[in-house]
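These are my notebook entries on a structure that I went through one part at a time.

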Amino acid sequence: MAVISESRSRGGPGGGAPPTSATAWSTVLRVVEHRAYQYRRTFRASIFSSFGVPALFLAAMGFGLGGYVDRSADAVLQGVSYLQFLAPGLLASSLMQTGSFEASFPILGGLQWSKIFHAMVATPLRGRDVALGNLAWIALRLTLVGAIFAIMIVAFGASRSPLIVLAIPVAVLTGLAFAAPIMAFTATQRRPDRFAALFRFGITPLFLFSGTFFPIESLPSFLQPVAWLSPLWHGVDVCRALMLGTIGEAPLLALVHVAILAVIATVGALLAIRTVGARLGKG
Amino acid sequence: MTQTPATGAARSSKPSEPLIRARGLTKRFGAFTAVDGVDFDVAPGEAFGFLGPNGAGKTSTMRMIGCTSPISDGELSILGMDPRRQGADIRARLGVVPQQDTLDNELTVRENLLIYGRYFGLPRAECARRADELLEFVQLSDRGKDLVEPLSGGMKRRLTIARSLINEPDVMLLDEPTTGLDPQARHLVWDRLYRLKQRGVTLVLTTHYMDEAEQLCDRLVVMDKAKIVAEGSPRELIERYSTKEVAEFRFAPGIQETLEGQLDGLADRVERLPDRVLLYADDGEAVVIAARERGLHPETVLVRRSSLEDVFLRLTGRSLIE
């Protein structure tokens, strides 16, 4: 009862608008808490695949394919093994894929199938909290997946610098640069039909052509500037510089990359607040 | 739920003040007007209903009261607050049972309650205490650890009702609380809602079932085509818009159309439906006798008391459920 009256007293004159920033963030955290409750159920399977997938990729691409590449491509990679070249690309693109997935099907589920997000906005929570809470949850997920990926990379001897620790947040930011705008898009959809196209024509080509598997300098020269349009490339480039220990050679470029990712993620989040809010406030 | 926070809070405020007050309340979706300038008041402790067919604007009205859908025009005050500015504060004191279940199927029954309590900023221990009480109240204690998915429709409804009570709300909003449930499950839900009503919880519900409205509502408004067409207690509405009794005649196929004029004057009012004729009079038996004397031979005859269905038919010329 005391709790109830406490929550009531919050609504003093001019309520409605969040009274303090502390209260504003606590409502976002409730959504994170809900997602954590759900995650507890799939935690084990999820952790298992978080370790397994990087191991498979690093073994197949790094040792298998890398064995061929290293014999002939020493000139291109300048003394770096293919596995070491590849690992940062896999880290960043793995978080791109996790972020994109988490912002599509589970979000549509909450809006359209289970409608749990509608249940949330029937309480003091708002559309803004649903959008930001889910993005915060995705950031946590990405951090976990990225940290495990980084551990596997180190275990495979595929990182040349302890700065791989900083590559984790950069890869998380890369994932959010996809998750936030995709969440904004998801909130405008009623069926998952367009997700297939999004992954086929958006995510997969980016995965292949953003410097993950080969330096973008290998692309025809007219295509190289296109890489700048790929959020993934910005993430891969910074992660690679950090993990190869070459970040000192072009620190400004790395900052520009990070700034671009931050802008995309922020604009995406603002759009998501709008579209999720609009979706939950009508119908 | 051993006591009623609702009444305590409601009565401590000015007793004459309605909990919900709407004047000229309007909801538009583009060119379509879903709710067209409705006025109503809901008093503390009252069970107030919106009765009407699908598409009458009931759900849109409920969503405006629930502060999940902004009002397009008019005035709306809930618990003395303005939904445009104080939506979150109002929602903190409402318990909402939406038309479609919005439970989290990935969580257990009890977890659904716990997490919902957290939305209201309740401490975890308090959430746990209330969750156990509420599970008992809706007779789901033995299902607490089960996932929501395999529950029957009636159980999910009861869980949704329990969930809506986790914040000990001042007002419960129930949108079509028993639509889609089998009769036994409906009665279980009605029984729980009736208990809440007896504890003084203010209930606002929509329904297109006249029996539900008659069972639960102290007062109701009849909605049709985005407008309120009548207002009163179920008894008042029946007295005002219908007769005490109704005689229903069903004729053999093809006969009803040949009865031009033969039914005139038999009753206060005659209503021809596609499959039967309704004759409204205070003494239904007398109508039956008079009809027989005129040489009318319906295949079946039923004399019954007037219901809200008859009120709706009178007001709109249509049945509630088609």
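**Entry 1: the model and its numbering**

I noted that this is a predicted model, in which local features need pLDDT of at least 70 and side-chain atom pairs count only at pLDDT 80 or more, while totals for chains, interfaces and linings use all residues. Residues are numbered from 1 along each chain as its sequence is written, and chains are lettered from A and ligands numbered from 1 in the order in which they are written.

I looked up the scores and found ipTM 0.88 and pTM 0.89 for the model. A contact here means that the C-beta atoms of two residues, placed from the backbone, lie within 7 Å.

**Entry 2: the sheet of six strands**

I then followed an open sheet of 6 strands in chain B, whose order is S5-S6-S7-S3-S8-S9 and whose pairing is mixed. Helices (H or I, at least four residues) and strands (E, at least two) are DSSP runs numbered from the N terminus, and two strands pair if DSSP finds at least two bridges between them. Which strands stand at the edges? They are S5 (94–97) and S9 (227–232) of chain B, each with a single partner strand, so one side of each is left without a neighbour in the sheet. From one strand to the next the twist averages 15°.

Looking inside this sheet, I found S3 (residues 47–51) and S7 (residues 202–207) of chain B running parallel and joined by 5 bridges, with Gly49(B) opposite Leu205(B) in S7(B). Helix H9 (residues 234–241) of chain B packs on the sheet, where it touches S8 (219–224) and S9 of chain B, and its direction makes about 105° with that of S9(B). For such angles, axes are lines fitted to C-alpha atoms, for helices over the stretch in contact, and the angles run from 0 to 180 degrees between N-to-C directions.

Which residues of H9(B) are buried? I found Pro234(B), Leu237(B), Ile238(B) and Tyr241(B). A residue is buried if 20 or more other C-beta atoms lie within 10 Å of its own, exposed if 12 or fewer, and partly exposed in between, with C-beta atoms placed from the backbone. Seen down the axis of H9(B), the buried residues fall within an arc of 100°, so they line one face of the helix; the arc is that of the directions from the helix axis to the C-beta atoms. The face turned away from the buried side of H9(B) carries the exposed Arg235(B) and Arg240(B). The buried residues of H9(B) pack against helix H8 (210–216), S8, S9 and helix H11 (308–316) of chain B.

**Entry 3: the sheet of four strands**

The next sheet in chain B is open, with 4 strands in the order S11-S12-S10-S13 and antiparallel pairing. S11 (269–272) and S13 (300–305) of chain B stand at its edges, each with a single partner strand, so one side of each lacks a neighbour in the sheet. S10 (residues 245–250) of chain B is joined to S13(B) by 6 bridges, and Ala247(B) stands opposite Val303(B) in S13(B).

S12(B) runs antiparallel to S10(B), with 5 bridges between them, and forms a hairpin with S11(B) that has 4 residues between the strands.

**Entry 4: between the chains, and one residue**

I noted that the contact takes 31 residues from chain A and 33 residues from chain B. On the chain A side, H2(A) gives the most, with 7 residues, and the residues of that side divide into 11 nonpolar, 12 polar and 8 charged. Ala, Val, Leu, Ile, Met, Phe, Trp, Tyr, Cys and Pro count as nonpolar, Asp, Glu, Lys and Arg as charged, and the others, Gly among them, as polar.

Last, I looked up Leu261(A), which is found in helix H11 (residues 251–280) of chain A. Is Leu261(A) buried or exposed? With 25 C-beta neighbours inside 10 Å, Leu261(A) counts as buried. Beyond its neighbours within four places in sequence, Leu261(A) is in contact with residues including Leu173(A), Pro231(A) and His234(A).
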